[in-house]
Amino acid sequence: MRKENKRIVVGGASDSASTIFNVFNVARNRYQVELDPECLRLVDEVNLLYTALRREKIIYGDSTGFGERDDHYASPDQDKEKNRNLVYSLNCGSGDFLRRDQARAAMFARILVLSKAHSGVRPAIIACLADMLNQNKIPKVPSLGSIGASGDLIPSSYVAMEVLKQMDLEGREGLAMLNGTHFMSGISALVLMDFAYLCQVLCDLFAVLFQCLGGVENVFDRELHNIKAHKEEREVAGTFRELLWGSRLLRNIEEFAGLKIDELKTMRPIQDRYSLRCLPQAIGPVLHRLNDAFKIVENELNSVSDNPVIVDGEIKHGGHFDGSHVAEAMNCLKLSIREMAYIARAYARNVTDTKLNHGLLPTYLVESDDGIQNGLQGVAGLSIDAVFGVLNKEAIADSLFTMNDHEGANQDIVSFGMHSALSASRMVKQLATITAVLAIVTRQAVGMLKIENDLSPATKAVYENLTLRVPFIDKDRSLDGLLRFLEKLFFEHKF
């Protein structure tokens, strides 16, 4: 639904949310984009300066050709044809189209770059992009084409083609619209928001299932974790202490101190398996990596990813189009996405396998063990997590000669940033399905144990929310529609 009353001011100080949150709100929630007048004034001022400089100096991508053709001269009088040809020559993507919110995220990320007033474009270019977002006139952008060489050139050309329908490009405006990390950065911002949200949901579900399994509460002890130097581990332990406070279902290691050896042999193990006992140690690094990735992508979104650029009245040439920061962040984050999926699968196995839960619950959580019903056998054996092994190996940074030997001599290292971002996006989508499975398992487990009133206050609220969305499975039924419904709620951050 379009939210007419919500807006993001670019170049102003009226919005205090982080840039990643702004990208998410413009891309997914359709917030309007407003351009600060002072920002546009500065953009116009730098454009006028650049217009004068380009008549005096040889500037790459303006008075020269591009890439290995930079030894060719292009007169400023050939602006329209030069820019049009550049955009046309790169309009050759392939593969499935990006989601509309991913294209919106990239367009907003480019507005952020151009609004820094270092690219020499006219204010009309930025205004055109903002108008396209506000009217939701988003081009279809193929997902394949960018290897992060001079930025996201090929996907960016599809946005530039729409701009060309409305105006001619001048100076280096063609290059300014194409040459940067806005697609990989915008998509990565959405990945981070989605993964952070799913981590929160998963931790809530882990806390409920920890009680279903009668977990030993001492593993979250404050003093225990204070002797470990990892801040995020201590934070995770504190989160679970809060989630589990007031539960009547937990075991305490002190209860076993006076037991006799014969009694120990007849009871459940006094130490839980690792998926229960090591939650702070397992999720702590995930939180650490997530925080790091947020900082890196936030910095990239607030940077000028373009080349050449105007700095303090001078033309500077370099490699700010390179996407290595974003690629590194996403490649590393994928390990954390996989880790959360593994923990979720461990909890699903613990709850749905009567041998692992020591007879607390029947295998596959079958309500009626008549040999006819199958319970949650289908989702309990879900092989979707096997996909993570393949996705996790994608887009690991490597050198690649691009296009042909001539251009490879120039672009001899590339970031693969777009591939890294899209691979991470696919992993988050798979994690949403695994989270949906765990939500169904959690609802079923508490319902079968009839322990709702013994849950901690915090997790009782989680469970009550769960029951509004997930029915108790008293007999076999198709779960496809329920899984798709839950995935949609996760995508909209409305679970």
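Helices (H or I, at least four residues) and strands (E, at least two) are taken here as DSSP runs, numbered from the N terminus. The model is a predicted one, so to speak of local features takes a pLDDT of at least 70 and side-chain atom pairs count only at pLDDT 80 or more, while totals for chains, interfaces and linings use all residues. Residue numbers start from 1 along each chain as its sequence is written, and side-chain values rest on heavy atoms, with hydrogens and water left out.

Take the second largest pocket to begin with: it holds about 550 Å³ of space (a pocket being, on a 1 Å grid over the protein atoms alone, an open set of points where a 1.4 Å probe fits, with protein on both sides within 12 Å along at least five of seven lines; lining residues have an atom within 4 Å of a point). Of its 26 lining residues, Arg99, Gln102, Ser425, Arg426 and Lys429 sit closest to the centre. Two or more residues each come from β3 (94–97), β4 (142–144), α8 (182–212), α18 (417–449) and α20 (480–491), and α18 gives the most, with eight. The lining splits into twelve nonpolar, five polar and nine charged residues (Ala, Val, Leu, Ile, Met, Phe, Trp, Tyr, Cys and Pro are nonpolar; Asp, Glu, Lys and Arg charged; the others, Gly among them, polar).

Then there is the pairing of α4 (residues 100–114) with α5 (residues 123–134), packed at about 155° with axes 10 Å apart (lines fitted to C-alpha atoms over the stretch in contact, with angles from 0 to 180 degrees between N-to-C directions). That makes the two roughly antiparallel (over 145 degrees).

Methods: Parallel < 35°, antiparallel > 145°, perpendicular 65-115°, else oblique. Points joined across faces, edges and corners; volume = space filled by probe spheres on them.
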